[in-house]
Amino acid sequence: MSQTPTTGVPVIDIAPFLDGSDAGDVIDQVRTACEGIGFFAITGHGVEAEIVDGLRAAAKGFFARPAREKATVHHADPSLPRGYRAIGDEGLAYGAGEETPPDLKEVFHMGPPDFPDEDYFTCEAAAAHFIENVYPSTPADFHDAAAAYYRRVEALAWKIEEIFAAALDLPADFFRKYTDRQIAALRIIRYPPLAATPLPGQLRAGAHTDYGTLTLLLSEDRLGGLEVRTRDGAWIAVPTPADSFVVNIGDLMMRWTNDRFVSNPHRVAIPPEDAGEASDRLSVVFFHHPNYDAEIACIPTCTDADNPPKYEPVFSGPYRVSMYTATRLETDD
């Protein structure tokens, strides 16, 4: 581990857990990070470079298309989280109850790339989660690249769940029954260079916490990046080493663990005014989220007579819908 989690974000090689050579050390490092700052970067994750490079190339090709073309990549119901969102469509700080100018980013949003024609996935309760994705026609390989990346990172998230389970003294497969039909969202985000001076309080992405169990971020080491707030209120940069993913705890995991694992506020900072093209940043964010009908109640190993449950149980799907609604800006004139 490279830093103390209370003062920085550690970088953890998880290969010893994946290959079974020294799982205990990885578990200890991850536990310390989750109970401290709630963020850590991972190397040794095994995700193939061709999958990562393929998605990055397709995403950059899409964002380079004309604005009018990108604007056509949307669901027939514009309220549904699928397809393209332009700069100004969203303010993440709204989900935390903070009124700020809209975020300076453009987004492509998708959910599970395929799902069975079965009642669980097609019933009324599933309608807000298992939605057909909308893909751009250019680049031609965008659909395949995005779907391959989604499924590969989904598998990585399940392995991280196993690390979490071990850190919480739970059976290795404890979380799987809650996430085997997960409703993760993949958001491909471009933070363009500044076109004008930001408004007061405006950020690339406003301060917020994530909603689910864990988030897997693939980013770039460029100006104007991710920052996390420490427990003493300071904002610090999150490292994004080459070939790494950043992992952070989401709100549902914090509820699940009775605040043992920490979901900390984070934001994407404004780059220096003179940064120019050096601040053009691509981030790919996988928001791992439990099955829509999973009940999130305090984990038994996270409570005792002196530490009763702090939260009432919630169901995963309705919880996420309520948070999505809070972050969308009103567009009616």
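## About the model

This is a predicted model, in which local features need pLDDT of at least 70 and side-chain atom pairs count only at pLDDT 80 or more, while totals for chains, interfaces and linings use all residues. Residues are numbered from 1 along each chain as its sequence is written, and side-chain values use heavy atoms, leaving out hydrogens and water.

## The whole chain

Let's start with the big picture. The chain holds nine helices and 14 strands; these are DSSP runs numbered from the N terminus, with helices being H or I of at least four residues and strands being E of at least two. Its C-alpha trace spans about 55 × 50 × 40 Å along the principal axes.

How does the radius of gyration of the chain agree with that of a compact globule? For 333 residues such a globule would have a value near 20 Å, and the chain has 19 Å, which agrees. This radius is taken over C-alpha atoms, and the globule rule is 2.2 Å times the number of residues to the power 0.38.

Of the 333 residues, 53% count as buried. Buried means under 20% relative accessible area, exposed means over 50%, and partly exposed is in between (1.4 Å probe, protein chains only). Among contacts (heavy atoms within 4.5 Å) between residues at least 6 apart in sequence, 80% join residues at least 24 apart.

## A look at helix α2

Helix α2 covers residues 23–36, which makes 14 residues. From its first C-alpha to its last it reaches 20 Å, close to the 20 Å expected at 1.5 Å a residue; that expected span is 1.5 Å times one less than the number of residues.

Which residues of α2 are buried? They are Val-26, Ile-27, Gln-29, Val-30, Ala-33, Cys-34 and Gly-36. The buried residues of α2 pack against several elements, including β1 (11–13), β2 (39–43) and α6 (142–167). Just after the helix, Gly-38 takes a positive phi of about 80 degrees.

Phe-174 counts as buried because its relative accessible area is 14%.

Thr-301 sits in the loop between β13 (295–296) and β14 (314–315). With a relative accessible area of 35%, Thr-301 is partly exposed. Leaving aside neighbours within four places in sequence, Thr-301 is in contact with Leu-168, Asp-169, Leu-170 and Arg-260.
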